[in-house]
Amino acid sequence: MQAKKRYFILLSAGSCLALLFYLGGLQLRAPRGASASPREERRGRHGLHRASPGRLRPRPPDALRPFAPWDRPGPEDSGVRASPRQKRDANSSIYRGKKCRMESCFDFALCEKNGFKVYVYPQQKGEKIAESYQNILAAVEGSRFYTSDPGQACLFVLSLDTLDRDQLSPQYVHNLRSKVQSLHLWNNGRNHLIFNLYSGTWPDYTEDVGFDIGQAMLAKASISTENFRPNFDVSIPLFSKDHPRTGGERGFLKFNTIPPLRKYMLVFKGKRYLTGIGSDTRNALYHVHNGEDVVLLTTCKHGKDWQKHKDSRCDRDNTEYEKYDYREMLHNATFCLVPRGRRLGSFRFLEALQAACVPVMLSNGWELPFSEVINWNQAAVIGDERLLLQIPSTIRSIHQDKILALRQQTQFLWEAYFSSVEKIVLTTLEIIQDRIFKHISRNSLIWNKHPGGLFVLPQYSSYLGDFPYYYANLGLKPPSKFTAVIHAVTPLVSQSQPVLKLLVAAAKSQYCAQIIVLWNCDKPLPAKHRWPATAVPVIVIEGESKVMSSRFLPYDNIITDAVLSLDEDTVLSTTEVDFAFTVWQSFPERIVGYPARSHFWDNSKERWGYTSKWTNDYSMVLTGAAIYHKYYHYLYTHYLPASLKNMVDQLANCEDILMNFLVSAVTKLPPIKVTQKKQYKETMMGQTSRASRWADPDHFAQRQSCMNTFASWFGYMPLIHSQMRLDPVLFKDQVSILRKKYRDIERL
C-alpha cells in the first residue's frame, strides 16, 4: 500500500514537471515571434480590425490615419505593420513641438509694445526662391503689418524658401536645417511663421518639412487634423504657381440663377494613382460615374513609366477622360468632387470655389483651410472616403434653396480669402493677430459673412453695430443723424462765399447733428465771429499736415456714424441734403451722393480711362457731395498703403477716386447716385475756387493716371458700373409743387 502511494506521488510530480517545462518553453519562445495581443495579431494579418457584419456605423474620422493607410504594404523586413504612433515618431522632427500652443510657445510680450508687426528676414545671396514664395514675401512686405526693424517685430518670416519640402522637387532647398539654425533671431523658432505647401516625398508623403521647426508656427497646406496644432498652426489652401499675387479673378457666379442646378450634378477630372497612398478613393470613382449627370473621370496617363504599371481599366479610363473638357465641366456642374491625392490637399479645392461649384470633400483627416475661422458647412459638403457610394444620393437630397446658399458662400469665401496669394497671406496674419489680441478678436459672423474678416478691422470697434454691414443682422436701424465735414482750402474773405452758404444749408437739415470744418488752408483760421450762427455746433479743425488725405482721417470729433462729405464750393440745398441722407439710410454700406463719374477701358492705350461726361452710366460718386459711413475714414487711413496716400497728397488730387475704389472693393457694389438740380453742374463750375481745377487738362490726366495706379495696387478694377438713380417722389413731374415732398429740389 505504501509503495503504491509513493508510486502515485512520483507519477504526479513527474506530470507537473512536464507541464511546467512545456509552459515554460512557450514563454521562452514567445519573444522570438510576435508578442502581440490577439487584436494586434489580427491587425498584423489583415491590416485592419474589421467590424462585425452587423456594425453599420463607421469608425469616427479621427480614427483614420491618412498618412499610414491600412492598404499600404508594411516594411519588407517584418510581417507586422508599424503602429500609427511608431510611424509618427519615425517621421519626424515636425512633431517635436506637437504640444505647442500660443500660450506655451509664443512670446506675447513682443506684441504688447508695438502691436502686431511682422519682420521678413533679408534675402541671402545665392539662395534660390520660387516665384510662389516670392509672392508670399511680397504680400507680407506690402501689408500694414510689415516692419523692417526686427526690434519692432512680433512675428518673423523666413526668407529661406520652405514652400516645397519634397526632396524629389527641383524647388527643394538643401541644407535648410543648418541655414535656419544659423539665423541669429531664430530662438528655436519662437514667434516664427513657416509657410509650406508640399512636404514629404514618395512613397510615404509624410508631413515632415525636413528640419526641426522648434516652436515655430506652421502655415501649411494639406495638414492633417492629427498633426494640426489647434490655436497655433494655420491650415492654408494648396495653390498653384500661377495663382495671382494680388487681386485675382472674381467668382463665376454672376447671377443668382434659379433654380441653381446645372447640367452636371457631380464632376471630377484628375489623376488616378494605381497603388500607394491616395489611390483608394480615386481608384473607386468609376463605381459612381454614370456618364450622364455624375461624371467622374480619371487617367493613369501620368508619369514617365505609367504604361508599365497600368491596370485593365486604364485604357478605357483614358479614352473617357479625353472626351470631356475640364473647364466646361467646371462651369456647368452643381457639385465638384475634391478627393485627396498623394497629399490631403488638392488644386481642385480652389478651382471648385471659384467656379461656384459646391466642393464635396473626400479627404478624411484634412484640416480644411482656415478652419479656425471659416464654417465650411456653409459652403461645402464634407464627405467620408469610406462612404463614397452614398455621395450621389446625399447630394441629390439637398434642397435647391440650400444649394443656392452653398454656391453663394463659395463666391464670398473665394473673393474674400482665396482669390490671390496676398489674401491667403493676409488671412493667415489676421488669424494670428486675433489670437494675440483676443479681447478684440473677430467673431464667426464677421469671418463668414460679407465683407469678411480682412475688411473689418477689430481695432476700430469690438461692437458689430459700429460697422455699416451688420445693421440687419443685429436688428438695428441705420443712424438718424449725420456729421457734415466741409473741406476748406481757400481763405475766408467774404461773407458771400459758397462755403458759408453751404454751412448754413447743411445746418438747417433736420438730420444734421454737427458740422466740422476742416481748415486745410495756408492762411490762419478766421475769427470765430466770421462763421455764421447755426442751430447745430460748428467745430473748426485746423489740419496739421494740410494734405488731401487728411479729410478722411478718423477724427474723434465725428460723433455720428454717417458723414456728409462736402467740398467748400459745393452747392446743395437743405432739401437735397435731406433727400440724400434718407437714401443713404437704405444703403448704409455704400457711398450715396450727387456728382457722378465713370471709368472705362481704353483699348487703344491699354489702360483705364476716366470720364466726367454726364451719362446714365456711372461707377463713382465723388466725395465732394456724398454721404457714407465714418468707418471708411478708419479703413482709408489704416488699410490703404502709405504709397497710395502719398501719391494723393503729392498731387493734391484723386482722394475721392481712391475712396471710391476702397468702398467698391469692400462692398463689391457700385455707389448710389441721387438726382440733383438741373443747374447743379453749371452752378458748380461757376465757382472760382475749383473751376480752374476741373478745366485743367493736367488735372484730368492726373486722375486717369491715379486710376491705373490704384487698379494696379488692388490687383483688379474694383469699380462697378451702375445706371440706378434715385429721384425724390414726383421729382420733375408736372404736378402741383404743393404735392411734392421735396419742394425745393427743382428750384435754383
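How many of the eight residues of strand 8 are buried? Seven of them are, so strand 8 is largely enclosed by the rest of the structure. The views below come from a predicted model.

**Figure 1. Overview of the protein chain.** The predicted chain contains 25 helices and 23 strands. It has 748 residues, and 53% of them count as buried. Among contacts between residues at least 6 apart in sequence, 75% join residues at least 24 apart.

**Figure 2. Strand 8 and its two partners.** Strand 8 covers residues 264-271. Strand 9, made of residues 294-299, pairs with strand 8 in the parallel sense over six bridges. Within this pairing, Phe-268 has Leu-296 of strand 9 as its bridge partner. Strand 10, made of residues 333-339, also pairs with strand 8 in the parallel sense, over three bridges. Here Leu-266 stands opposite Phe-335 of strand 10.

Figure 3. Ala-221 is placed in the loop between strand 6 (217-220) and strand 7 (234-235). Its relative accessibility is 0%, so Ala-221 counts as buried; the cut-off for buried is under 20%. Apart from neighbours within four places in sequence, the residues in contact with Ala-221 are Asn-196, Leu-197, Ile-236, Pro-237 and Leu-238. Glu-207 is 14 residues away from Ala-221 along the chain, and the C-alpha atoms of the two are separated by 9.8 Å.

**Figure 4. Phe-552 and Tyr-628, an aromatic pair.** A search of the whole structure finds 33 aromatic pairs. In the pair of Phe-552 and Tyr-628, the ring centres are 6.4 Å apart and the planes stand at 70°, so the pair is edge-to-face. An angle over 60 degrees is what counts as edge-to-face. Phe-552 belongs to the loop between strand 15 (538-542) and strand 16 (562-567), while Tyr-628 belongs to strand 21 (residues 625-629), so the pair ties together parts that are 76 residues apart in sequence. Phe-552 counts as buried, with a relative accessibility of 0%. Tyr-628 is buried too, and its relative accessible area is 1%.

**Figure 5. A cluster of rings, and two charges over rings.** Which residues do ring pairs link into a cluster? They are Tyr-460, Phe-467, Tyr-469, Tyr-470, Tyr-631, Tyr-632 and Tyr-634. Elsewhere, the charged end of Lys-269 sits over the ring of Tyr-321, at 4.6 Å from the ring centre. Arg-313 lies over the face of Tyr-286, and the distance to that ring centre is 3.7 Å.

Figure 6. Eight strands form an open sheet with mixed pairing, in the order 15-14-13-16-21-17-22-23. Strand 15 and strand 23 (725-726) are the edge strands, and each pairs on one side only. Inside the order, strand 17 (residues 592-593) runs parallel to strand 22 (residues 672-674), and two bridges join them. Gly-593 stands opposite Lys-673 of strand 22.

**Figure 7. Two helices across the sheet strands.** Helix 19, residues 574-584, lies across strand 13 (482-488), strand 16, strand 17, strand 21, strand 22 and strand 23. It runs at about 30° to strand 21. Helix 20, residues 631-638, lies across strand 16 and strand 21. The angle between helix 20 and strand 21 is about 85°.

Figure 8. Helix 22 is made of 13 residues, 655-667. From its first C-alpha to its last it reaches 18 Å, close to the 18 Å expected at 1.5 Å a residue. Of the 13 residues, 13 are buried, so helix 22 is largely enclosed by the rest of the structure. Lys-668 follows helix 22 and has a positive phi, near 60°.

Figure 9. Helix 25 has 18 residues, 697-714, and reaches 26 Å from its first C-alpha to its last. That is close to the 26 Å expected at 1.5 Å a residue. Its buried residues are His-699, Arg-703, Gln-704, Cys-706, Met-707, Asn-708, Phe-710, Ala-711 and Phe-714. Gly-715 follows helix 25, and the phi of Gly-715 is positive, near 90°.

Terms used:
Residues numbered from 1 in each chain as written. Predicted model: local features only at pLDDT ≥ 70, side-chain atom pairs only at ≥ 80, totals over all residues. Heavy atoms only, no water. Helix = DSSP H or I, 4+ residues; strand = E, 2+ residues; numbered from the N terminus. Expected span 1.5 Å × (residues − 1). Buried < 20%, exposed > 50% of the residue type's maximum accessible area, 1.4 Å probe, protein only. Contact = heavy atoms within 4.5 Å. Phe/Tyr/Trp six-rings, centres within 6.5 Å; stacked < 30°, edge-to-face > 60°. Lys NZ or Arg CZ within 6 Å of the ring centre and 35° of its normal. Pairing = 2+ DSSP bridges. Axes fitted to C-alpha atoms, helices over the stretch in contact; angles between N-to-C directions.
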